[in-house]
Amino acid sequence: MSDDVAPCTALAYLDPSYWDQRFGKEEHYEWFKDLSHFRHLLSPLLSPSISVLEVGCGNSRLGEDLLREGVAGGITCIDLSPVAVHKMRDRLAEQGTSGVDVVVADMLDMPFESESFDLVIEKGTMDVLFVDVADPWNPNPTTVENIMRMLEGIHKVLKPDGIFVSITFGQPHFRRRFFEAPGFTWSVEWSTFGDGFHYFFYTLQKGKRSPEPSGHQNKLPAPPSINMLHEELESEDYIFCINVEEL
Ligand SMILES: C[S@@+](CC[C@H](N)C(=O)[O-])C[C@H]1O[C@@H](n2cnc3c(N)ncnc32)[C@H](O)[C@@H]1O
């Protein structure tokens, strides 16, 4: 990342105008590595006929990479930033690449029918919702509401046996309580990749778990009572870890 797109504070990641300005200047940046670093984890989940939704594509090349991997059932990339979407459309048109739809859309209000996609993938996008969390063990109610709205939207647009892949530095003790919230029927597994700092690759398969009986549906499991420090992060990734009280 070049200095002229770095935010003053991590809270800028929650501001849509920050992303528009950034994407106006920056042509390409891959958060949490590119496909070559996690292909061994993603490839077993791909087949030519599947339809894929990428949430928060930014100026990443993951959508085109999936096309090159042989996904032919339709790839849809969404982002809240019109600048990112228009630049990606222009780039695909210049390359003569078809088979990737790029749409301005809010992941908190997904404009897709239920059970539309075989695979939903996000890389570094859910992390944006966590940047105003002063205490990662107790995110504030608005943050929790937005995280749950994002996950509920993804769960809804996944086909009955669809898979959600989340690529993040968010460790299992911070993510599992959201992924495993009552009401979701997906199983939750994870792997790590990367040298030095390990990124997390979560695989959530819908239809593998029974939802909790009604009455438990809106209750999140309590946060765990252990503590761990983040290891060293590469490049801009570290900004996601900054405690907002220290800014
Ligand atoms: C950290 S970047 C990750 C970009 C890309 N996935 C990558 O791996 O390089 C987060 C992206 O999420 C997008 N974003 C933030 N809030 C969003 C929302 N509510 N709906 C859709 N996209 C959003 C931003 O515009 C930005 O492109």
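Analyst: The model is predicted, and the questions below take up its terms in turn.

User: What makes up the secondary structure of the protein?

Analyst: There are seven helices and seven strands. In sequence order they run α-α-β-α-β-α-β-β-α-α-β-α-β-β.

User: Why is Phe32 called buried?

Analyst: The word applies when 20 or more other C-beta atoms lie within 10 Å of the residue's own. Phe32 has 25 other C-beta atoms within 10 Å, so Phe32 is buried. Its place is the loop between α1 (16-25) and α2 (35-42).

User: Why is Glu115 called partly exposed?

Analyst: The count for Glu115 is 14 other C-beta atoms within 10 Å. Exposed would need 12 or fewer and buried 20 or more, so Glu115 falls in between and is partly exposed. Glu115 sits in the loop between β3 (100-104) and β4 (117-123).

User: What is said about phi in Phe32 and Glu115?

Analyst: Phi is near 55° in Phe32, a positive value in a residue other than glycine. Glu115 also has a phi near 55°, and it too is not a glycine. Most residues other than glycine have a negative phi.

User: How do you know that the buried residues of α6 are on the same side?

Analyst: The buried residues of α6 are Ile147, Met150, Leu151, Gly153, Ile154 and Val157. They cover an arc of only 155° around the axis, so they lie on the same side of α6. Those residues pack against β1 (52-55), β4, α5 (126-129), β5 (158-168) and α7 (172-179).

User: What span is expected of α6, and what span does it have?

Analyst: With 17 residues, α6 reaches 24 Å from its first C-alpha to its last. At 1.5 Å a residue, 24 Å is expected, and the span is close to that.

User: Which residues touch the most other members of the largest nonpolar core?

Analyst: They are Val52 and Val120, in a core of 51 residues. Helix α6 (residues 141-157) gives the most to this core, with five residues. Beyond its neighbours within four places in sequence, Val120 is in contact with Leu53, Val55, Ile154, Val157, Leu158, Gly162 and Phe164. Nonpolar side chains tend to be buried together in soluble globular proteins.

User: Which residues come nearest to the ligand?

Analyst: Of the 20 residues around the ligand, these are Trp19, Gly56, Gly58, Ser60 and Lys123. The shell around the ligand divides into 10 nonpolar, six polar and four charged residues.

Notes: Residues are numbered from 1 along each chain as its sequence is written. This is a predicted model: local features need pLDDT of at least 70, side-chain atom pairs count only at pLDDT 80 or more; totals for chains, interfaces and linings use all residues. A nonpolar core is a set of buried Ala, Val, Leu, Ile, Met, Phe, Trp, Tyr and Cys residues joined through C-beta atoms within 7 Å. Helices (H or I, at least four residues) and strands (E, at least two) are DSSP runs, numbered from the N terminus. Two residues are in contact if their C-beta atoms, placed from the backbone, lie within 7 Å. The expected span of a helix is 1.5 Å times one less than its number of residues. The arc is that of the directions from the helix axis to the C-beta atoms. A residue is near a molecule or strand if its C-beta atom, placed from the backbone, lies within 6 Å of it. Ala, Val, Leu, Ile, Met, Phe, Trp, Tyr, Cys and Pro count as nonpolar, Asp, Glu, Lys and Arg as charged, and the others, Gly among them, as polar.
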